[in-house]
Amino acid sequence: GTGQRHTFRRKGALVKLSLQLLDNDQPRANESYVLDIDGQLLEGTTDGDGKLEHFIPPNAKSGKLIIGENQEEYELALGQIDPIDELTGVQARLNNLGFDCGNVDGVLGPKTKLALEGFQHEHGLETTGEPDAQTRDKLKMLHGS
């Protein structure tokens, strides 16, 4: 089947959308595409590993990727992250804001604790490494959702 992986990283007021397109586990290398993010069209060509990257608004709601000679269309789930009261929601927001938690897995492991501490320190919160109420409120405010 066709697979895709995507991640977000923050740059100023934008986040980086990174996709890797695979077909039967082989990269879809050097294929032209159009990315439609809330009606804004971005064109390009995947790299040798089937990857593409674009900076998009962090509050983008809908995305569609049209790729290849046959103009295949894929809907992208943007802005759909877990609620802030779930650890996976905290991890996704931290990752989006550039504080690397690793995988969004719902585990409060060493990487997530470090990301929380970095976020708390940068924003003048008590550096506990725990997703306390103050930290969640600040995360939600800065993330915009």
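Let's start with helix H1. H1 is mostly covered: ten of its ten residues are buried. Keep in mind that this is a predicted model.

Which residues of H1 are buried? Here is the run: Leu-87, Thr-88, Gly-89, Val-90, Gln-91, Ala-92, Arg-93, Leu-94, Asn-95 and Asn-96. Just after H1 comes Gly-98, and its phi is positive, about 90 degrees.

Now step back to the whole chain. The protein has three helices and eight strands. Reading from the N terminus, the order is β-β-β-β-β-β-β-β-α-α-α. The protein has 145 residues, and 37% of them are buried. Next, take the contacts with a separation of 6 or more. Of those, 37% are between residues 24 or more positions apart.

Back to the helices, and to a pair of them. Two packed helices are described by the angle between their axes and the distance between the axes. For H1 and H2, the angle is about 60 degrees, and the axes are 11 Å apart. That angle makes H1 oblique to H2. The crossing of H1 past H2 is left-handed.

Who makes the contact? On H1, the residues are Leu-87, Val-90, Gln-91 and Leu-94. On H2, they are Thr-112, Ala-115, Leu-116 and Phe-119. Sort the contact of H1 with H2 by class, and you get six nonpolar residues, two polar ones and no charged ones.

Look at the spacing of those positions on your screen. An α-helix has 3.6 residues a turn, so residues three or four places apart point the same way.

On to helix H3, residues 133-143. Which of its residues are buried? Thr-135, Leu-139 and His-143 are. Seen down the axis of H3, these buried residues fall within an arc of 55 degrees, so they line one face of the helix.

What about the other side of H3? There, Ala-133, Gln-134, Asp-137 and Met-141 are exposed.

And what covers the buried residues of H3? The cover includes helix H1, residues 87-96, and helix H2, residues 110-122.

H1 and H2 pack at about 60 degrees. Both are part of what covers the buried residues of H3. H3 has Thr-135, Leu-139 and His-143 buried, while Asp-137 and Met-141 are among the exposed residues on its other side. And H1, where we began, has ten of its ten residues buried.

Definitions and conventions. Residues numbered from 1 in each chain as written. Predicted model: local features only at pLDDT ≥ 70, side-chain atom pairs only at ≥ 80, totals over all residues. Heavy atoms only, no water. Buried < 20%, exposed > 50% of the residue type's maximum accessible area, 1.4 Å probe, protein only. Helix = DSSP H or I, 4+ residues; strand = E, 2+ residues; numbered from the N terminus. Arc of directions from axis to C-beta. Contact = heavy atoms within 4.5 Å. Axes fitted to C-alpha atoms, helices over the stretch in contact; angles between N-to-C directions. Parallel < 35°, antiparallel > 145°, perpendicular 65-115°, else oblique. Left-handed = near helix turned anticlockwise from the far one by under 90°. Nonpolar A, V, L, I, M, F, W, Y, C, P; charged D, E, K, R; others polar.
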